[in-house]
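This report describes selected features of the structure shown below.

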Amino acid sequence: MSSFVMPGERVPAQHVNLKLGPGLSELSVARGSGKGPVSHQPVVATRAGLLNHSSNRSKWWVEGNSRRYVPAAQESVIGVVSGRSGENWRVDIGAAHPASLDGLAFEGATKRNRPNLKVGSVLYARVSLAHKDMEPELECFDAQTRKADGFGELKGGFVTHCSLQMSRLLLDPKHFLLPLLGSRFPLDVAVGVNGRIWISTKEVKQTIAVVRCVEAVDPDGGGMDETRVKKFLGEMEL
């Protein structure tokens with residue numbers, strides 16, 4: 001169950017592979033020089049909101065009421081190329097500042113063989129660097145395998161927006177909405193934690209149905225449950 005935390009409040013986030021999301025930071029403390037067991041750095045909240053964690057407690061974050069995405073390392077986002085700077089691309093991810101994407105940050109990319117992106121290209125990327133005093137950096141491959149694994153340019157389709165809370169709900173495999181929609185018609189979906197969803201279906205009316213259902217289920221919208229969504233879908237001509 002989520003609990004409310006305030007800025008500066010310590011949280012019980014501990015895991016051998018601990019990953020901190022938005023609203024949390026490790027507190028820098030002096031370490032002793034003894035040979036005792038190594039302890040985890042204390043973790044504190046940097047903003048007010050609900051403290052959440054993944055099912056295995058490896059990922060922790062604070063869900064605030066902010067409508068602007070705050071980048072955090074290792075998170076998957078959907079961005080739109082907004083310009084080019086030398087060998088890097090500038091990418092809008094809905095944060096306070098645009099992110100930087102190296103032209104070689106793709107699977108198999110070389111100086112002679114790199115993606116031919118254009119302003120307006122839609123990307124599914126991973127935040128590789130996030131620091132309050134630096135612009136965020138993106139990569140379009142898995143950090144461990146160096147394979148694309150779904151990251152890269154998203155061609156065609158349609159991008160819609162939702163609340164940051166809704167995007168995290170959709171990334172939970174146990175959430176009902178995407179499996180329910182997938183049982184009604186074929187679709188491809190990419191969800192970014194920055195409140196953006198890329199949708200690709202065979203027919204425009206199916207894309208409209210996905211968008212309307214996301215809006216209906218979003219806690220910032222109707223907050224509709226599974227039973228009501230099934231009825232809602234039944235009233236549409238799909």
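The crossing of helix 2 and helix 4 is right-handed, meaning that the near helix is turned clockwise from the far one by less than a right angle. By class, this contact has five nonpolar, two charged and no polar residues. The model is predicted: local features need pLDDT of at least 70, side-chain atom pairs count only at pLDDT 80 or more, and totals for chains, interfaces and linings use all residues. Residues are numbered from 1 along each chain as its sequence is written, and side-chain values use heavy atoms, without hydrogens and water.

Helix 2 and helix 4 pack at an angle of about 30 degrees, with axes 11 Å apart; they are therefore roughly parallel (angles under 35 degrees). The residues that meet (heavy atoms within 4.5 Å) are listed here.

| Helix | Range | Residues in contact |
|---|---|---|
| Helix 2 | residues 177-184 | Leu177, Leu180, Leu181 and Arg184 |
| Helix 4 | residues 226-234 | Val229, Lys230 and Leu233 |

The protein is divided into domain 1 (3-29 + 42-63), domain 2 (75-153) and domain 3 (158-235), with bounds from an automatic or database domain assignment. The C-alpha centres of domain 1 and domain 3 lie 28 Å apart.

Leu24 is found in strand 4 (residues 24-26), strands being DSSP runs (E) of at least two residues. At 9% relative accessibility, Leu24 counts as buried (under 20% relative accessible area, 1.4 Å probe, protein chains only). Beyond its neighbours within four places in sequence, Leu24 is in contact with residues including Val11, Val43, Leu51, Trp60 and Trp61.

Key
Helix = DSSP H or I, 4+ residues; strand = E, 2+ residues; numbered from the N terminus. Buried < 20%, exposed > 50% of the residue type's maximum accessible area, 1.4 Å probe, protein only. Axes fitted to C-alpha atoms, helices over the stretch in contact; angles between N-to-C directions. Parallel < 35°, antiparallel > 145°, perpendicular 65-115°, else oblique. Nonpolar A, V, L, I, M, F, W, Y, C, P; charged D, E, K, R; others polar.
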